[in-house]
Amino acid sequence: MVKNIEKGLKVAFLTTYPPRECGIATFSQDLIKALKKACSNCSLEVIAVNDGHYDYKEDVVYEIDQHRRSDYIQLADKINGSDIDVLVIEHEYGIFGGDWGEYVLDLIEGVKIPIVTCLHTVLSSPSEKPKEILAKIGEKSAKVVTMARNTVELLTGIYGIPRDKIEIIHHGVPMRDVEPRERLKQKHGYGGRPVISTFGLISPGKGLEYGIQAISKVVERHRDVLYLILGQTHPNIKKEQGESYREKLIALVKELKLEDNVKFINKYLTKDEIIEYLQLSDIYMTPYLGREQAVSGTLAYAIGYGRVVVSTPYRYAEEMLAEGRGMLADFKDSESLAKCILYVLDNPEKKKEMEEKVIELGKEMTWDKVAERYNELFMEVAREAKEV
């Protein structure tokens with residue numbers, strides 16, 4: 001075990017937080033829970049970024065309205081007048097107010113304590129505004145955390161962030177004892193069927209229509225295949241567009257006569273439910289449309305539980321599925337997705353080899369190991385700040 005953070009060190013996280021339904025909220029909650037075990041002598045607090053009213057049960061000591069610019073300026077003053085030693089910013093353009101989330105710059109310009117920024121999106125061809133924002137964040141941060149090695153060159157080359165500021169730390173995965181795959185299939189009524197799954201908040205960028213079309217081709221050889229689409233519509237999409245995307249997917253299933261092969265589970269899944277569905281899956285599929293995605297919590301979970309993954313080649317998938325750990329299909333190409341799925345289903349020995357390789361990588365991604373890395377990072381940043 002690494003040495004604990006110095007007694008009395010206080011770390012605050014600026015982030016979305018449950019019960020807000022957001023991948024970064026879940027990530028932050030998991031990280032803080034793991035850090036409480038890894039850093040028994042430190043104090044961890046959450047400054048929640050709100051887009052509405054939430055009933056926080058734990059950890060949140062302060063809240064800001066993401067769309068109110070003055071909140072960011074006032075927050076900087078509040079932090080400077082507090083005993084917080086390190087501020088951690090979980091950065092995603094969409095969770096902060098202003099054009100491309102520019103209001104966060106008002107905060108970082110005013111804060112006088114060291115900042116660690118954890119990046120959840122790194123654009124490879126940014127327009128001027130997001131490029132300027134991330135470059136400024138990199139300039140003001142003591143350390144910048146990325147979850148994928150292939151983003152380091154982007155951060156140094158495009159955003160001008162010095163290499164010695166950049167830390168690569170895996171997206172964490174919670175570990176649970178779970179029942180064997182076939183037993184879980186029986187429990188859910190899927191006994192003996194090849195199961196493919198996709199989970200997460202549903203939005204048009206997930207490319208699920210291509211996944212469904214791929215299943216229509218797989219069914220020609222594997223009539224009992226089952227594709228589980230797990231999760232509810234993203235709250236922001238639902239607010240703007242209602243359930244039009246989900247309804248389009250349901251109509252496609254009917255059009256292709258796949259009612260027995262595609263099942264929607266329309267709910268916000270608990271971690272235990274996610275893990276159970278992953279464990280019973282033979283293949284995890286992410287048919288995402290955009291190449292830019294630097295990290296995917298859902299893919300990280302699938303890796304952590306040793307699932308064979310079929311995915312489009314967005315940045316995080318390319319890195320995580322390298323060296324025979326999964327299969328990459330072309331973007332917006334159901335035929336390509338189907339070929340990958342069929343290869344896995346028709347070659348059980350190759351499937352087993354891929355699972356074994358994935359399990360080895362997954363061992364490095366458990367939250368306890370990830371928390372230790374953050375523990376070391378916070379200690380380093382705090383020590384350097386005290387030496388200045």
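This is a short tour of one predicted chain, with stops to select in the viewer. Residues are numbered from 1 along the chain as its sequence is written. In this predicted model local features need pLDDT of at least 70 and side-chain atom pairs count only at pLDDT 80 or more, while totals for chains, interfaces and linings use all residues; side-chain values use heavy atoms, without hydrogens and water.

**Whole chain**

The C-alpha atoms fill a box of roughly 65 × 45 × 40 Å along the principal axes. For 388 residues a compact globule would have a radius of gyration near 21 Å, and the chain agrees, with 21 Å. That radius is taken over C-alpha atoms, and the globule rule is 2.2 Å times the number of residues to the power 0.38.

Now colour by burial. Buried residues make up 57% of the 388 residues. Buried means under 20% relative accessible area, exposed over 50%, and partly exposed in between, with a 1.4 Å probe and protein chains only.

**The cores**

Select Phe13, Leu35, Ile303, Tyr316, Tyr374 and Phe378. They have the most contacts inside the largest nonpolar core, which has 65 residues. Helix 15 (residues 367-387) gives the largest share of this core, 8 residues. A nonpolar core is a set of buried Ala, Val, Leu, Ile, Met, Phe, Trp, Tyr and Cys residues joined through side-chain atoms within 4.5 Å.

Next select Ile24, Val111, Ile133 and Ile168. These belong to a second, separate core of 41 residues. In soluble globular proteins, nonpolar side chains tend to be buried together.

Go back to Ile303. Which residues does Ile303 touch, not counting residues up to four places away in sequence? They are Val309, Met320, Leu321, Val358, Leu361, Gly362 and Met365. Contact means heavy atoms within 4.5 Å.

**Helix 14**

Select residues 348-362, which form helix 14, and find Lys351 in it. Is Lys351 buried or exposed? Lys351 is buried, because its relative accessible area is 12%. Leaving aside neighbours within four places in sequence, Lys351 is in contact with Arg181, Asp282, Val308 and Val344.

Glu360 lies in helix 14 too. Glu360 counts as partly exposed, at 46% relative accessibility.

Conventions. Helix = DSSP H or I, 4+ residues; strand = E, 2+ residues; numbered from the N terminus.
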